[in-house]
Each structure stands twice: as C-alpha cells, then as structure tokens.
Amino acid sequence: MVKLEPLNQSQEINYPTEGHFSEFEVQAHIYSVFKERGFDIRGEVKARLKGTRETCRFDLVIFTDGEPSSIIEVKRRHRKHKHGLEKTRQARRYRQFGVPCYFVYGIDDAMILLKQFQSAYARLR
C-alpha cells in the first residue's frame with residue numbers, strides 16, 4: 001500500500017445528498033444481497049467477443065455451475081437513448097453472449113431486480 005500525503009491546498013469534497021447513490025453503491029448493494037442469498041456473483045467480469053480482439057467488462061455477472069446465467073449493468077440514472085436501449089452499441093454487444101442482460105438504473109431499479117430474482121429463486125426451491 002502507498003499513502004500519498006496531501007498537498008497544502010484544501011479542496012472541497014461534497015457529501016452526497018440523501019437518496020443519491022453512486023453506480024458503485026448500487027453495484028455493491030446488488031452484489032452483497034445476491035452473495036447473501038447464496039448466488040455465485042462476480043463483479044467487473046471481462047469477456048472477449050468471439051472472433052475479435054474486442055472485450056467487454058460487465059459490472060456484475062451471475063454464474064450457475066460455472067457458466068454465466070445473467071449480466072447486470074448498472075447505470076447511475078435512467079437515460080433516454082435516441083433510438084432505444086436495444087440499438088446502443090453496448091446492448092448489441094452484450095446480447096451476443098446469449099444470456100439475459102439487465103440494465104439497472106439507480107437504487108430503485110436495483111430493488112425491483114432483487115425482488116424479481118427473489119421471487120424466481122423461491123419458485124425454484
């Protein structure tokens with residue numbers, strides 16, 4: 001570990017406003033809940049597009065028996081895409097992996113996703 005000593009300059013760090021969650025915080029929440037429920041979930045998973053040198057880095061991936069079963073991409077807030085989410089480069093690339101990909105926009109979407117998975121998981125048991 002390396003510690004950098006501060007410069008003499010003082011910069012302001014703003015505390016996040018109540019109800020605001022960063023992408024990291026949303027990812028961390030999803031990750032911890034899935035882990036707690038016994039899912040095999042990993043973060044920052046790198047994958048290569050077949051037949052190319054291009055790679056993707058998924059925010060979160062749920063694995064079942066060592067194979068990816070769901071991709072979760074977290075965004076800080078909902079964005080309107082000019083031609084729809086399905087037409088974005090990211091969505092086109094992610095769909096090539098043959099597993100469902102969930103785009104989660106903020107903590108409210110994360111809570112919905114977790115409830116959906118909880119219901120589906122309860123039915124499987």
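User: How many disulfides does the count come to?

Analyst: This is a predicted model, in which local features need pLDDT of at least 70, side-chain atom pairs count only at pLDDT 80 or more, and totals for chains, interfaces and linings use all residues. Residues are numbered from 1 along each chain as its sequence is written, and side-chain values use heavy atoms, with hydrogens and water left out. A disulfide is a pair of cysteine sulfur atoms within 2.5 Å. By that rule, the number of disulfides is zero.

User: How far from Cys56 is the nearest cysteine sulfur?

Analyst: Cys56 is in no disulfide. Its nearest cysteine sulfur belongs to Cys101, at a distance of 9.6 Å.

User: Is Cys56 buried or exposed?

Analyst: Buried means under 20% relative accessible area, exposed over 50% and partly exposed in between (1.4 Å probe, protein chains only). Cys56 has 5% relative accessibility, so Cys56 counts as buried.

User: Which residues of α1 are buried?

Analyst: The exposed residues Phe24 and Glu36 are on the face of α1 turned away from its buried side. The buried residues of α1 are Val26, Gln27, Ile30, Val33 and Phe34.

Key. Helix = DSSP H or I, 4+ residues; strand = E, 2+ residues; numbered from the N terminus.
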